[in-house]
Amino acid sequence: MEKKEIIILKNGTDVFGHKIEILINGEIIEKISENIDVKEFESKDNVRIIDVNQKLIMPGVIDVHTHMREPGITYKEDFGTGSRACAKAGVTTFYDMPNTIPTTATLESLQEKKKLASEKSIINFGLHFGGSKNDNVEEIKKVLKNSEANTVKIFMNVTTGEMLIEDNEILKKVFENSKLVLVHAEHEMIDKAIELNKNYGKGLYVCHIPSAEELKKVINAKKDGNLNTEKHPVYAEVTPHHLFLNTEIRESTERNKMLLRMKPELREKSDNEFLWEAINRGEVDTIGTDHAPHLIKEKLEKVTFGMPGVETSLALMINAYNKGKISLEMIQKLMCENPAKIMKILKRGKLQEGYFADIIVVDTKKEWIVGIDDTIESKCGWTPYENWKLKGKNIMTIVNGKIVYENGKIQENVKNGKEIEFYN
């Protein structure tokens, strides 16, 4: 029988500033300690001992909001290129949204998409199932009954194709027959989603909240004992672009006016500030990127909504930590622990013995320039943060116990991603 590969990370620091060392045996975290004695391992050929030299060790980031564009739009991105962008940045699990071509709104299309992801992704993946204006509630029931997915995404504001649901009866049925419902809801549609969740739902996750006005609605619902209960909880997600970009930055150049466009649109600087305050008060649950790449020529030809995001999300947050805007502990909660808890992902999102070894090593002091000091892995080939000077960068990514990114390079031929498992 083939010996399991063992990796020992020595001399790390966790988000609380404590010394941490980790022994990884095969796919699993076997031991976490302040000091792991490596004497018995030094002569073994299946063991690699890595001194991380006081760098930060974290669980891998779980990004529950991406559009990897497969199937149907793979000239912009696919599961291979998108997962490489994730691995480079410290994301070890992504969840893909259902608005592809065809939409992920039947059990068959979901299974087909899983096959594509499992063949190409170098990191772990989950798939959100989609609700449809054509009333696919029977498909939702099938998917949940067979445990093929445990989340349903619906669009209550503008989108493409069949995914915008305006019929109240269909909305009601989706909430009644789903577990956690993720919504693209803006302005008054947020109120409607909260009401639907209260009356019929089993959980509401409000995606990419852009503004003070809209986040206040969700925060008020979260604080209301009738609206946010164990049976129908309410969760709030914000994106890096709504934290770091605003209309002032967008309007500053003709190029930005075209590139910095997405749904929901960017808001004012005061909205950025409110979102940060809410994060630090513990009123936001997750950071999801809404990674939605388009080729740059498409963006510059006509207004096209969506931008790449996975490749810079953690680095932007670590840079914010270096500026005193957020603690490392809060970053870990928003980007690793809470996504795993909310999506009910099995044995991921924490540094814990017995958990899968999805681990990243971050140099919080490394200064670099986005798009200049590194290669862009996303197929779209650009980033909205080009030329930004950041302090803090992921330097190693371990997925299921295998190193997939190290020393600035993706490890070729390591297809180590798996479909995540979830618990009820």
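Trainee: Which residues of α3 meet α4?
Mentor: This is a predicted model, where local features need pLDDT of at least 70, side-chain atom pairs count only at pLDDT 80 or more, and totals for chains, interfaces and linings use all residues. Residues are numbered from 1 along each chain as its sequence is written, and side-chain values use heavy atoms, leaving out hydrogens and water. Contact means heavy atoms within 4.5 Å. On the α4 side are K173, V174 and N177, and the α3 residues that meet them are V137, I140, K141 and L144.

Trainee: How do the axes of α3 and α4 run, roughly parallel or roughly antiparallel?
Mentor: Helices are DSSP runs (H or I, at least four residues), numbered from the N terminus. Axes are lines fitted to C-alpha atoms over the stretch in contact, with angles from 0 to 180 degrees between N-to-C directions. Those of α3 (residues 137–145) and α4 (residues 168–177) come within 10 Å and cross at roughly 10 degrees. Angles under 35 degrees count as roughly parallel, so α3 and α4 are roughly parallel.

Trainee: What area is buried between domain 1 and domain 2?
Mentor: The domain assignment, automatic or from a database, gives domain 1 (6–57 + 356–410) and domain 2 (61–348). In contact are 35 residues of domain 1 and 47 residues of domain 2. Buried area is the accessible area (1.4 Å probe) that two parts lose on being put together, summed over both. Carbon and sulfur atoms give 65% of the total, which is about 3,400 Å².

Trainee: How many salt bridges are there between domain 1 and domain 2?
Mentor: A salt bridge is a side-chain nitrogen of Lys or Arg within 4 Å of a carboxyl oxygen of Asp or Glu. Between domain 1 and domain 2 the count is 4.

How values were computed
Helices (H or I, at least four residues) and strands (E, at least two) are DSSP runs, numbered from the N terminus. Angles under 35 degrees count as roughly parallel, over 145 as roughly antiparallel, 65 to 115 as roughly perpendicular and the rest as oblique.
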